[in-house]
Structure formats: structure tokens, C-alpha cells
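I opened this entry to record what I looked up in the structure shown below. My notes follow in the order in which I made them.

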Amino acid sequence: MKTRIRELLRAHPFQPFIIRTADGKEYKIENPEFVLAGSDTPNIYIEEPNGSFHTVSALLVTAVSVLAGA
């Protein structure tokens, strides 16, 4: 899943997408500049527009979906 997330972050043109985790949380990714999903760490770091951060274990990501109509 992490490879797929990195592909979506680098896509041109960028299309917003959602990351879903095993606990049912969803993270809407609308700008690739607010996400770090490096290959050297097991986590994905997501910054919200309000400045708050989420650290998501890549092992807990269950789905990645491109937003329809975006």
C-alpha cells in the first residue's frame, strides 16, 4: 500500500485520494505537499490544513482510493 500511496503523491496531475486504516479512520489527501511516505520509515505522516499531524503505520492501511470526480 505504501508504494501505491507514493505513486499517487507523485502523479501528474495529482488527484485527491483517501487512505483508510484498519481502525476505520479515513484521511483525505487533497495536496501531496502535506504527506510524507518515505521508503525509509514504516509510517506515513499526514498534516491537516489546521496544522495538526497524524502518524499512520503503513501496516494498518487497508485501502487507498482515488476520489471520484476529482
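I recorded the basis of the values. This is a predicted model, in which local features need pLDDT of at least 70 and side-chain atom pairs count only at pLDDT 80 or more, while totals for chains, interfaces and linings use all residues. Residues are numbered from 1 along each chain as its sequence is written, and side-chain values use heavy atoms, with hydrogens and water left out.

I then looked up the fold. The protein has one helix and six strands, in the sequence order α-β-β-β-β-β-β; helices (H or I, at least four residues) and strands (E, at least two) are DSSP runs, numbered from the N terminus. The radius of gyration is 11 Å, close to the 11 Å of the globule rule for 70 residues, so the protein is as compact as a globular protein of that length. I noted that this radius is taken over C-alpha atoms and that the rule is 2.2 Å times the number of residues to the power 0.38.

I turned to burial. Buried residues (under 20% relative accessible area, 1.4 Å probe, protein chains only) make up 30% of the 70 residues. In helix H1 (residues 2-10), I found Lys-2, Ile-5, Leu-8 and Leu-9 buried. The cover over the buried residues of H1 includes strand E1 (17-21) and strand E6 (61-66).

Definitions and conventions:
Buried < 20%, exposed > 50% of the residue type's maximum accessible area, 1.4 Å probe, protein only. Contact = heavy atoms within 4.5 Å.
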